[in-house]
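The sequence and the model are shown below.

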Amino acid sequence: MLWFVVLSVYQVEVGSGVESVLLPCKTTVHLLRHVTVEWRDSDNRKVHVYQNGSDQPEEQNQDYRDRTEMKRNLLEPGDLSLTLKYPTYRDIDTFTCTVYNGERKILMKKRVKLWVKVCQVEVEEGAESVQLPFKTTADLPEDATVEWVRIEPKPTTTVHVYQNSSDQPEIQNQDYRDRTEMKEDLLKTGDLSLTLKSPKERDTGRYGCNVYSRGNLLRAKTVQLTVRGRTRNRSSSIDPTPLMADQSV
């Protein structure tokens with residue numbers, strides 16, 4: 001039996017670097033225990049699966065492993081909303097929640113479009129430094145790797161790497177050598193902000209910070225940096241002496 005299919009798309013907007021975002025999906029109908037709830041992305045990858053009264057993490061796509069959560073006893077209130085932890089620009093997508101009965105017939109379907117805003121930072125060329133901000137929860141794993149890269153323009157460039165409890169300058173791209181700095185005890189405080197010294201107009205671009213541990217992505221944020229070129233004083237190139245009239249006869 002088909003209950004209803006929602007064709008409209010609900011839109012959710014969230015800032016890059018937040019701890020989590022809720023993709024809403026509610027129904028006033030109480031669901032039976034034998035139903036299956038599947039959240040999928042636009043590539044049809046399984047984001048979250050609820051079946052036989054419990055979550056099925058082994059069916060999730062690896063990109064969403066340990067990053068999703070649904071409410072307990074979700075069948076009673078009919079709240080099928082999905083919490084997606086640490087959303088990044090790579091999560092900008094349209095997600096679909098589908099409810100099936102025991103015969104795999106669709107009982108309900110709803111779409112949610114997620115937009116993750118990119119943090120904007122502007123500075124003028126000639127400034128002493130600029131900070132690309134990223135603050136997250138404290139007490140990250142001691143074995144975590146923090147990597148700042150410039151995503152655009154291509155090719156992707158390694159800006160700063162913190163690994164094995166220390167910076168790894170030998171991994172940096174030469175353009176950023178001796179120009180970047182991160183705070184002490186960053187894994188304990190959760191302050192992963194990057195200071196870029198002597199910003200230049202050519203540093204303009206989209207930067208990403210990724211935090212990994214044992215091959216899993218724990219945190220991520222995207223920052224758009226714009227370095228404005230210094231305004232040139234055009235009058236300095238003009239001879240202040242007025243042109244003399246031709247006196248010849």
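## Nonpolar cores

The largest nonpolar core holds 25 residues, and Val146, Trp148, Met182, Leu192 and Leu225 have the most contacts inside it. A nonpolar core here is a set of buried Ala, Val, Leu, Ile, Met, Phe, Trp, Tyr and Cys residues joined through side-chain atoms within 4.5 Å. At least two residues of this core come from each of strand E10 (119-124), strand E11 (129-132), strand E12 (145-152), strand E13 (157-163), helix H1 (186-189), strand E16 (194-197), strand E17 (205-213) and strand E18 (216-228). Another core, of 24 residues, lies apart from it and includes Val21, Val37, Tyr64 and Leu80. In soluble globular proteins, nonpolar side chains tend to be buried together.

## Basis and overall make-up

The model is predicted: local features need pLDDT of at least 70, side-chain atom pairs count only at pLDDT 80 or more, and totals for chains, interfaces and linings use all residues. Residues are numbered from 1 along each chain as its sequence is written, and side-chain values use heavy atoms, with hydrogens and water left out.

The protein chain has 1 helix and 18 strands; helices (H or I, at least four residues) and strands (E, at least two) are DSSP runs, numbered from the N terminus. Of its 249 residues, 43% are buried, where buried means under 20% relative accessible area, exposed over 50% and partly exposed in between (1.4 Å probe, protein chains only). Among contacts with a separation of 6 or more, 60% are between residues 24 or more positions apart; contact means heavy atoms within 4.5 Å. The chain exposes about 14700 Å², with carbon and sulfur atoms supplying 46% of it; these areas come from the Shrake-Rupley method with a 1.4 Å probe, and for residues only the protein chains shown count as cover.

## Aromatic pairs and charges over rings

The whole structure contains 2 aromatic pairs. Rings of Phe, Tyr and Trp (its six-membered ring) pair if their centres lie within 6.5 Å; planes under 30 degrees apart count as stacked, over 60 as edge-to-face and the rest as tilted. Tyr64 and Phe95 form an edge-to-face pair, 6.3 Å centre to centre with 80° between the planes. This pair links distant parts of the chain, 31 residues apart: Tyr64 is in the loop between strand E5 (54-55) and strand E6 (68-70), and Phe95 is in strand E8 (residues 93-100). Tyr64 counts as buried because its relative accessibility is 1%, and Phe95 is buried at 0%. The ring centres of Tyr176 and Tyr207 are 6.5 Å apart with the planes at 85°, so this pair is edge-to-face. Tyr176, in the loop between strand E14 (166-167) and strand E15 (180-182), is 31 residues from Tyr207 in strand E17. Both Tyr176 and Tyr207 are buried.

Arg104 lies over the face of Tyr100, 3.7 Å from the ring centre. The charged end of Lys110 sits over the ring of Tyr10, 5.3 Å from its centre. A charge sits over a ring if NZ of Lys or CZ of Arg is within 6 Å of the ring centre and within 35 degrees of the ring normal.

## Strand E13 and its partners

In E13, 5 of the 7 residues are buried, so the strand is largely enclosed by the rest of the structure. E12 and E13 run antiparallel and are joined by 5 bridges; two strands pair if DSSP finds at least two bridges between them. Val149 stands opposite Thr158 in E13. The two strands form a hairpin with 4 residues between them. Pro153 lies in the loop between E12 and E13, and the peptide bond from Glu152 to Pro153 is cis, with omega near 0°. Pro155 is in the loop between E12 and E13, and the bond from Lys154 to Pro155 is cis, with omega near 0°.

E13 and E14 run antiparallel with 2 bridges, and Gln163 stands opposite Ser166 in E14. Their hairpin has 2 residues between the strands, and Asn164 there takes a positive phi near 55°.

## Loop residues

Lys26, in the loop between E2 and strand E3 (36-40), is exposed at 60% relative accessibility. Its C-alpha atom is 4.5 Å from that of Asp79, 53 residues apart along the chain.

Asn44 has a positive phi of about 65° and lies in the loop between E3 and strand E4 (46-51).
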